[in-house]
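Subject: Structure handover

Dear colleague,

My notes on it come after, and I would be glad if you read them with the coordinates open.

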Amino acid sequence: MKKRIALLLLMLPLLASAQEKRIEFQEYDLDNGLHVILHQDTSLPIVAVNIMYHVGSKNEDPDRTGFAHFFEHLMFEGSENIGRGEFFEYVQNAGGNLNAFTTFDKTTYYEVLPSNQLKLALWLESERLLHLKIDSIGIETQRKVVKEERKQRYENQPYGSWMAEMFELAYTKHPYRWVPIGEVQYIDQAKYEEFMDFYKHYYVPGNAALAICGDIDYEETKELVDQYFGNIPAGNQHINRPNPDEPAQTEEKRDTVYDNIQLPALFMGYHVPEQGHDDYYPLLMLQKLLSDGQSSRLYKKLVDEEQLCAQIGTYPAIFEDAGLFISYAIANMGKSLTDIETQINAQIDKLQTEGIPDREFEKIKNIVETQFVTQNAQLNSLSISLCDYYLFFENTNLINTEINRYESVTKDDIIRVANKYLVPENRIVLKYLPKSQDQALITE
Amino acid sequence: MKNIISILLILFPFSLLPAQIDRSKAPEPGTAPTINIGDYESFTLDNGLQVFVVENQKIPRVSYSLRLDLNPVKEGDKAGYVNTAGQLLGTGTTNKTKAEIDQAIDYIGANVSTSANGLYASSLKKHNNQLLEIVSEILLEAEFRQEELDKIIQQKKSGLAYTKNDPGGLSNRVSNVLLYGNDHPFGELETEASLDNITLEDCKAYFNSHYRPNKAYLAVVGDITTEEAKENVTRYFGAWEKGDVPEPVYETPEKPTETEVAIVDRSESVQSVIKVTYPVDIKPNYNDYIAARITNTLLGGGIFRLFKNLREEHGYTYGAYSNLSHSQEIGHFTASANVRNEVTDSAVYEILYEMERIRTEPVPKEELKGVKTYLTGNFALSLENPQTIARFAINSAIYNLPSNFYTNYLKNLNAITAEELQKAAQKYILPGQAYIFIVGKKSEIADKLKRFDADSTITYYDENGNIIDLSGSAVPADIEAVQVIEKYIEAIGGKENLKEISDIKTHMHMEMQGMKVDVTLYKQKPNRFNLTMTMNGQVMSQQIYDGEKGVASGMQGKQNMEGEMLNQIEYESYLFPALAVLEDDVYEANITNIEKVNDSEAYVVEIKKDDRLISTEYFDKNTGYKIKSTALVKTPQGDVKQVTTFSDYQKVGNVKFPYQLSQTMGPGSYDIITDEVVVNEGIAADKFKVD
């Protein structure tokens, strides 16, 4: 009896502490449509400012792939009041860091600074939203820089092209069929007028969310946001959001790429619905079941037991529109992709037919909880998550409650989505083989 | 009355005219915040384990990071066993298999990783005890097993194969050899051979003699009080036994006496991975450590000089940075950038220019202020991660730093003058004593890099950091593939004589599994081809091309040639394919390299049609003869590289033919001997009939 009481007592503080970790925030819209999210954390004198625009490579023309990302580079070129090269310097000389990134759906810009420099970050971000200034020197320099980025990250990297190859195979109509880095020929063709048209269309307050997290005073910060962003014209109200009906895939697609590699690799993509869909959370749990941790099904079987792979993983490439559930494997020396594919498929079969033991299901839930609790430990990632939840899930408070959506997933849900999506006719299989195996050549 | 007006005026800007800010210049910062380094507490267990506790309740998580303060180990022909021992840790205990350990870790959503000189473990606070139980068991009841060793070795070999294709990984790998040399443990590289030499005993011995609490620091960070930490650590690590740990000492690696250019040739590279690097003796307890750090930041930190110059001014790269790193043993300076092949020399020039400039020109006042503010701000930002405080504590212990080193850090940093900075630059930034090390495509970059080397000689390294002799082989800019092919044609008889020939019959023989195989090759103008292999008069295989269609037949049946196969046989069907390359625009030939074939130097010429590689041919630099060719052949077992060498050129009429061929395909190697070459005697048309 005494033992039981002790257990209860032990559990109470846990519940209480889970409650304490709620992330408080305030959010509102400016008259021009800019959505503002504020979160106060006074534990350190620093502040993170993030502005996320709801525009990405999906909004590009097929003959201007790479454009949204190229434009992201130009956003550092300056404004009416900021000269070329000064943008970086302002942040750096104030003790801060900055960066930006572009995905299929969004482009986001951030600064992390000592908190007495909040005004500077607001001035910089409002300047480039209000009146960006780019010139031909900037365009030509960044054109080269972007092409070097492409080489460094993709062309000069083993397997570097896999994502481009996979998405090109997977989609026939939807603009996810090209990846944000784009094609060199279109990076070469992009022009000043096109950049300015893109800027006027997409870079308007109503198409963005601004998050400010850190050592701030709510009222003072609202005042500052109003001063810097309040009189930016609302601008274009009808944002182009292409989402053509992608015809359902009815049979398996396969392709082989010859690369500068020694270890063959296998990439499989399965069509899955968009983020926030009823099947979204079961799919994320499925991902953890298959490949999170060394006790996960794929790692244990293919890396530890059969030793077929040097690396294996699954990755939910799930976005605003329907995406892909990816599994990838890099073969160990001398192992065949055929065996790897067979074993992966056998693991999926086993899941579909035999289900999930209780203890394994609990394990997945514990992993989800740990990841959820620890993911926003840094103010910068927190500010990005807040904007993301607002723009793409229309619910900023998911920063606190998304865990409930995971918790409501049942074992049957996971098996249901595995049965529904992880089937041959729904997949794309991409093999990477060494270039030395390219081309059948006949010689005397 | 006057008072009221002034109050109103002050109020106005806030209440009525919110937008009246001066956009024309950057806003002034508010009062600089005080930066408080968080507190930590420390205690030492009886076994010598030193523990630092940093309490931080922002997230209900606790992490344990163990760091052993060890001298590096010279591994010799077993390079890799130390790391392997670190990886074996956590794969077995006296009571648990790897699968059981993995299961226990994942079940509580924890992270645990191990290495040769430490481990890291974290979990949510509520799983803290289970986490410690596993970690303690991994450490105190470790049992290394052969099957896990075998797995790790195989993984490491795959890792090596990966690294050899990853230019960044290759650069890091080989630069260790340049920086520290083979005599220092830091310069030892894992190779396939060294991995094969590693035994379970080596790993056990390393673990037993090095993993000792009296050489260890443990940082406990997160949602935990010192009292709890003390209780936990004593309970779970108190039984860890101390021991004598070897402390070998090594000669300090020297920097080069003058600038040396070194290249790892990676012919598929579209970018050069540049490193300007040399070993540096720098430690946090040196007087000029802070000045040296500011110098390096100004040169290549964040978005400072290297980034501005190479990226924002020249568009050479996505990013250019420098790094001045320290370790207890020896540190290094490295300036690095990835740049497209054609600007490699220009980028090296700019890096050296910036290194020289920081030594010779005093840093302007504004720039000095900027870099100090940057480092001050980043110091504050780094405190967001509670591990930073633990790192400060451990560094203080390891380097024996004064107790106020980190609390006074910002004060000392802001007191540094431009003169002190320049002095540090002259001591630590050494463009004249650096390796200019590049992983890239030699044929496109090497010639223009010679000028940076003190004696204009480039040293070439292979992927294992061995010096290889490619020195004579930079392709001279003044020779083209056409000239090489013309020289070959001249060598075998000249264009005129070659064109006199309208058919060739070549009788050859070889041995296959102890049996004699007859090989007959028929070729007829303009491009018909028949290759027949017979054994005891029985046709084993036949390849025929009639000028348009090709067919291959053998024991397994008949196959129409398509795509690459067809392109290939079409090429080979010319009486002299080299003539076709000269005269037919569909073929493109390029010199890609100069390589040694047996004892001769040869031009490597790639023959392409429609941008697809058909054949790679090697022409002797002196004699002009074709001495080797490589191609890929489709077999039932997959695609195999076929290498053919040609020798013993003999005159038949006015034209020379190679009488000895040697062919390797996969593991097999065959000598093919020519018995007779017959020209212009006519060949029946049905020899070239494709059904």
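This is a predicted model: local features need pLDDT of at least 70, side-chain atom pairs count only at pLDDT 80 or more; totals for chains, interfaces and linings use all residues.

Chain A

The domain assignment divides chain A into domain 1 (25-229) and domain 2 (253-437), and the C-alpha centres of domain 1 of chain A and domain 2 of chain A are 28 Å apart. Between them, 31 residues of domain 1 of chain A are in contact with 29 residues of domain 2 of chain A. On the domain 1 side, at least two residues each are supplied by strand S2 (35-40), strand S3 (46-53), S5, H6 and strand S6 (208-214) of chain A, and H6(A) gives the most, with 5 residues. By residue type, this side of domain 1 of chain A divides into 18 nonpolar, 8 polar and 5 charged residues.

The largest nonpolar core has 70 residues, and the members that touch the most others are Ala209(A) and Cys387(A). Helix H14 (residues 379-393) of chain A contributes the largest share of this core, namely 8 residues. If neighbours within four places in sequence are left aside, Ala209(A) is in contact with His35(A), Ile37(A), Met52(A), Cys387(A), Tyr390(A) and Leu391(A).

Contact between the chains

Across the interface, 76 residues of chain A are in contact with 87 residues of chain B. Several elements of chain A each supply at least two residues of its side, among them helix H1 (2-20), helix H4 (118-131), helix H5 (136-155) and helix H13 (358-374), while the largest share, 8 residues, comes from H5(A). The residues of the side of chain A that touches chain B divide into 26 nonpolar, 34 polar and 16 charged.

Asn156(A) counts as buried because it has 25 C-beta neighbours inside 10 Å. Not counting residues up to four places away in sequence, Asn156(A) touches Lys151(A) as well as Pro167(B), Ser269(B), Val270(B) and Gln271(B). Asn156(A) and Asn260(A) are 104 residues apart in sequence, with 9.0 Å between them in space, C-alpha to C-alpha.

Chain B

The secondary structure of chain B comprises 21 helices and 26 strands. Its radius of gyration is 34 Å, well over the 26 Å that the globule rule gives for 691 residues, so chain B is more spread out than a compact globule. The C-alpha trace of chain B spans about 115 × 75 × 55 Å along its principal axes. The domain assignment gives chain B domain 1 (41-237), domain 2 (260-472) and domain 3 (481-688), and 56 Å separate the C-alpha centres of domain 1 of chain B and domain 3 of chain B. Buried residues make up 40% of the 691 residues in chain B.

With kind regards

Notes. Residues are numbered from 1 along each chain as its sequence is written. Chains are lettered from A and ligands numbered from 1 in the order in which they are written. A nonpolar core is a set of buried Ala, Val, Leu, Ile, Met, Phe, Trp, Tyr and Cys residues joined through C-beta atoms within 7 Å. A residue is buried if 20 or more other C-beta atoms lie within 10 Å of its own, exposed if 12 or fewer, and partly exposed in between; C-beta atoms are placed from the backbone. Helices (H or I, at least four residues) and strands (E, at least two) are DSSP runs, numbered from the N terminus. Two residues are in contact if their C-beta atoms, placed from the backbone, lie within 7 Å. The radius of gyration is taken over C-alpha atoms; the globule rule is 2.2 Å times the number of residues to the power 0.38. Ala, Val, Leu, Ile, Met, Phe, Trp, Tyr, Cys and Pro count as nonpolar, Asp, Glu, Lys and Arg as charged, and the others, Gly among them, as polar. Domain bounds come from an automatic or database domain assignment.
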